[in-house]
Amino acid sequence: MVSKLSSAEIVHFLLILLIILVPARLLGELCRRYKLPAIIGEIFAGIIVGPTLLGLLFPDLFKGIFISAPHAFEAFDGIANIGIILLMFIAGFEVDLKQIRQNGKQAISISLTGIIFPFAIGFASVWFLYQSHFANGFNNQLVTSLFFGTALSITALSVITKILLDLDILNTRIGNIVLTAAMVDDFLGWILFSVIIQLMNAGKQEASFWKVSTVIVYAIFMLTAGRWLMHKLLAFAGKKNKPGRVLTVAVCLCLISACITEGLGVRGVFGAFLVGVGINDSEYFTEKHKHVLHQFTINVLAPLFFASVGLRLNFIANFNLEVVVIILIIACLAKLIGAGIGSALSGMTKNESIAVAFGMNARGSQEIVLGLLALQAKIISEPVFEGLVVMTVVTMIISGPIMKYYFLKEQNLQVSTPPLSHLVNSDE
């Protein structure tokens, strides 16, 4: 018999939604007002109403809201998980495969070094510091090291897009190259993570080359024949010019792909991301559709998920400053060195290379999602996850201002340095 929430549990569930959504939105908007990503405020909202502050100051009230009705909280957790699936779906909209092909050469130079260096440095650092700082219940040094290498490799595409918009250089040559590099980073990072998830699941059984291969084949299918099939389905849904049908089909495709990747041993967020990439350039899935889905997800569902991050942990009881500092140093140095070298090799000046490196250093929601999945799989501990959260917030805050400083410095240098032809003419 299918169980359902009682009337009292429904009220409790709605109360939990309100208690989490209201502060998450208020603090998110406060961060936006000061030109910071809203995710920072949403995470802090969860810390405030979670065990870190509310649970510490008013333990009985915290238990009464979040623990006394477990079915109500489970229902909230389900809504939060739908939120992150749809968030990764709309994140796929930002990956423009045509732009990747157009700016491929320079962008791939930045992207590959921006992935290889963080992956190698992250893997090696965690491998050597595993017993002293990163040991966990999963007890697999290789998988934990691979996870960190992957987590530190991904650039927050949405954050760097906002930075480029704020600097008004999104449509310039350099802006396009940086955005394309971030797209490649984002996509390759999720492919890597899908492989890591398979290795996590292989902890209880023999690692399977075929399972990993199946995930990669599925990703290739979704970006080739799968794209064509999804385009046809959207075209059929949009025949009578009813946008609601197209939106319904798109969300259903997202959920179907999420179910498939879960079945393949990879989390549903990866399948949702692939559908977002696949239907991004469909003429039937218009900007209006994207806008409707984006607004509801960003302003209602995603805040619930990121606030729930703070609900899961006690950031005071489990905080380890040494682990946080280690993760922050490794993450920043690895990305700055890798992206900086790639920028220089692609022909950018010193100031441009530094600016791009700091832009690529911006982390975002992907790291939080990956970290939470790894925490649930027990391949990282709570203090390590908190270190990832702190690293994400710090890199979000510092990337924009430093990137702006070096771009303005380069512009001023170009204005103050007369062209060579002018110098020749003045000598005559």
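Mentor: Start with helix H13, residues 243-263: its 21 residues at 1.5 Å each should span 30 Å, and the end C-alpha atoms are 30 Å apart, so the two agree. The expected span is 1.5 Å times one less than the number of residues, and helices are DSSP runs (H or I, at least four residues) numbered from the N terminus. Keep in mind that this is a predicted model, where local features need pLDDT of at least 70, side-chain atom pairs count only at pLDDT 80 or more, and totals for chains, interfaces and linings use all residues. Residues are numbered from 1 along each chain as its sequence is written, and side-chain values use heavy atoms, leaving out hydrogens and water.

Trainee: Which residues of H13 are buried?
Mentor: Val-246, Leu-247, Ala-250, Leu-253, Cys-254, Ser-257, Ala-258 and Thr-261. Buried means under 20% relative accessible area, exposed over 50%, partly exposed in between, with a 1.4 Å probe and protein chains only. Exposed Cys-259 and Gly-263 sit on the face turned away from the buried side.

Trainee: How many salt bridges are there?
Mentor: Side chains of opposite charge can pair when their charged atoms come close. Here there are four salt bridges (a Lys or Arg side-chain nitrogen within 4 Å of an Asp or Glu carboxyl oxygen) in the whole structure. Among them, Asp-281 meets Arg-227 at 2.4 Å, N to O. That pair links distant parts of the chain, 54 residues apart.

Notes: Helices (H or I, at least four residues) and strands (E, at least two) are DSSP runs, numbered from the N terminus.
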